[in-house]
2 protein chains.
Amino acid sequence: MPLPLPPVPARVVAAPMAGGPSTVALAAAVGAAGGLGFLAAGYRTADAVAEEVGRLRAATPAPFGVNVLSPVAVVPAEAARVSAYAELLAPRAAARGVALGEPVHTDDAHDAKVAVLAQLRPAVVSFAFGVPPARSIDALHAAGVPVWLTVTSPGDARAAVAAGADALVVQGWEAGGHRGGGTDEEPAQLGLLPLLALVRRVTDLPLVAAGGIADGRGVAAVLAAGAALAQLGTAFLRAPEAGTAPVHAAALTEDRPTTVTRVFTGRSARALGNRATSELAGHAPAAYPEVHALTAPLRAAARAAGDAEELHLWAGQAHVLAEAVPAADLVRRLAAEAREALAAARS
Amino acid sequence: MPLPLPPVPARVVAAPMAGGPSTVALAAAVGAAGGLGFLAAGYRTADAVAEEVGRLRAATPAPFGVNVLSPVAVVPAEAARVSAYAELLAPRAAARGVALGEPVHTDDAHDAKVAVLAQLRPAVVSFAFGVPPARSIDALHAAGVPVWLTVTSPGDARAAVAAGADALVVQGWEAGGHRGGGTDEEPAQLGLLPLLALVRRVTDLPLVAAGGIADGRGVAAVLAAGAALAQLGTAFLRAPEAGTAPVHAAALTEDRPTTVTRVFTGRSARALGNRATSELAGHAPAAYPEVHALTAPLRAAARAAGDAEELHLWAGQAHVLAEAVPAADLVRRLAAEAREALAAARS
């Protein structure tokens, strides 16, 4: 029997956003308003994750989730292309006076983080980048922690169900940030509504719908489509509690198209188009996290300089609708608007 | 003041599908069940359109719409690329023993069809491929006929509102068949839910939501998102009343990814991936209807031979959910399931 969903009266989840935006303050504010907040364990040490969980528990009794990245396998041919990409990036790094990073392959301390989380027992542990090792799921289940797996295709959903997922985070093509499924190749580019319908054929597990949801009507739409919860990321990026870089938060308000790109991390992610995505498109290998590590100093320098053209500006397709409002207010408004939208649709 | 929507108690529109699938029988069955049926005027003479309207009126008193294609302008550089594409296609045509078509540019008898429709006054005339000439909209409005314009971006929506549209057909990236907006370049690839939210910022006109809607939950979802009506195309392709080629109807049941391609017509359209889409990708110019005319004999021969690999297999992303059920049954089921889904989402 799958472990049940935690209570989420607002039916809104604040998506985990690694690399800065997800903070203890954001998760606490979301939880206090009846949503489900998330911490993002990616790119942090296990100790840092434990420390964040402790601070969040001190801030609120509300349940929350923690997202962990599954280890990613890279084919050797792609790994071999990293040095060519580094050569292409070298002039850009030189122009900023920084050295490129070492393109190392790591598993982001996966086992240590899972061990810590099995001990600390958050209300949910979700995984992105495909199904984690069976030992990770087993350890969490043994501790009574529900496991959510991210899917972007019916094939992902079959794998997640077979692995023992308790719920699926169904990520449509509209979503900002990294594609969270089991493969970095997605010829089908499935939008959220068809993806929900196709995944529903695979499983009766609860579905958490993600991708391009920007307002209460969007929340209502995915609930009507059969999702148990609606997950929003970009919508929270401009909240004062989020740790979004100012240059990123400002760029979200601009009406420029997003694009799915590997240029920043070696793994497909949706970002605002900028000089980096257009000039480097087609050159980046599918090598994560090697490319992530390679470009990190370049991106940090661009962020520090406030230069939106050389930075990973993760954004979902409805990014211009993100508002600079406190997260708790946003959660309450989304829930109220969703209720109104469902009532209006029936009339 | 915009002209109002016709009464559509089932809140379901059967999308116009030119080139065969849309038939008088399909539109009649949809209308009889409380949906809004559509005839597709594309690739037909004005006389043939008038004849179809007459037969449909004889079959049912229900309101129906007729879709017309707006004239498409092609930049000279793209038109010049047509002969190179013809050379690439020549061996394929030779292998089938057919000659390629003349790559002529036509406006598909636009003015003649609009004149006929202003006279016959269907409940709606919709346009794809951007805003038609002002004289077309004026003629229909003078006859009291509501004009719906197809949009795939907020920019399209602004243009449609400025042109005097009475409602917008909002076509998400998920949709099968031709992209119906004002441009053949869509870097933003907007999924239906974010597109609805972004278009709603532009206008309060009624929105008809299209793209990847496959079942009653999908209908409920777009109504909750604020659409007035849900438009489905692929879902009707396997109905016995549809004029879908057998090879096309059979291919829809296969679990293969769709792709947005210009290889068949010179204008972007979502189709099941096949040998033609993979081998010709990147070679087809943005020249519609030149490429449409060029490839027509090749596609007709493949269709006659039952060869799914050389044919335009238009399909939305949820194509595997299309069922071979009578259209009226499908409309009634969609309406009932949508009501249930909206009630369930509120609980």
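A crossing of two helices is left-handed if the near helix is turned anticlockwise from the far one by less than a right angle, and right-handed if it is turned clockwise. In this predicted model, the crossing of α2(B) and α5(B) is right-handed.

Two packed helices are described by the angle between their axes and the distance between the axes. Helix α2 of chain B covers residues 46-59, and helix α5 of chain B covers residues 110-120. Their axes come within 9 Å and cross at roughly 25°. Angles under 35 degrees count as roughly parallel, so α2(B) is roughly parallel to α5(B). From α2(B), the contact takes Ala46(B), Val49(B), Ala50(B) and Val53(B). These meet Ala112(B), Lys113(B), Val116(B) and Leu120(B) in α5(B). Seven residues of this contact are nonpolar and one is charged. No polar residue takes part.

The relation between the chains was examined next. A rotation of 180° superposes chain B on chain A, with an RMSD of 0.0 Å. The shift along the rotation axis is 0.0 Å. That is the relation of a two-fold axis. The same surface serves both copies, as 100% of the contact residues of chain B recur in chain A. Among the residues of chain B, Ala221(B) comes closest to the rotation axis. Its C-alpha lies at 2.0 Å.

The contact between the chains takes 36 residues from chain B and 36 residues from chain A. Four elements of chain B each supply at least two residues to the side that touches chain A: α8 (192-200), α9 (216-224), β10 (258-261) and α13 (327-346). Helix α9(B) gives the most, with seven residues. By class, the side of chain B that touches chain A has 23 nonpolar, nine polar and four charged residues.

Strands of a sheet pair through backbone hydrogen bonds, either parallel or antiparallel. Chain A holds an open sheet of three strands, in the order β7-β11-β10. The pairing is antiparallel. Strands β7 (177-178) and β10 (258-261) of chain A stand at the edges. Each has a single partner strand, so one side of each is left without a neighbour in the sheet. Four bridges join β10(A) to β11(A), which spans residues 269-272. These two strands run antiparallel. Across this pair, Thr261(A) stands opposite Ala269(A) in β11(A).

Definitions and conventions. Residues numbered from 1 in each chain as written. Chains lettered and ligands numbered in written order. Predicted model: local features only at pLDDT ≥ 70, side-chain atom pairs only at ≥ 80, totals over all residues. Least-squares fit on C-alpha atoms with pLDDT ≥ 70 in both. Contact = placed C-beta atoms within 7 Å. Pairing = 2+ DSSP bridges. Nonpolar A, V, L, I, M, F, W, Y, C, P; charged D, E, K, R; others polar. Axes fitted to C-alpha atoms, helices over the stretch in contact; angles between N-to-C directions. Parallel < 35°, antiparallel > 145°, perpendicular 65-115°, else oblique.
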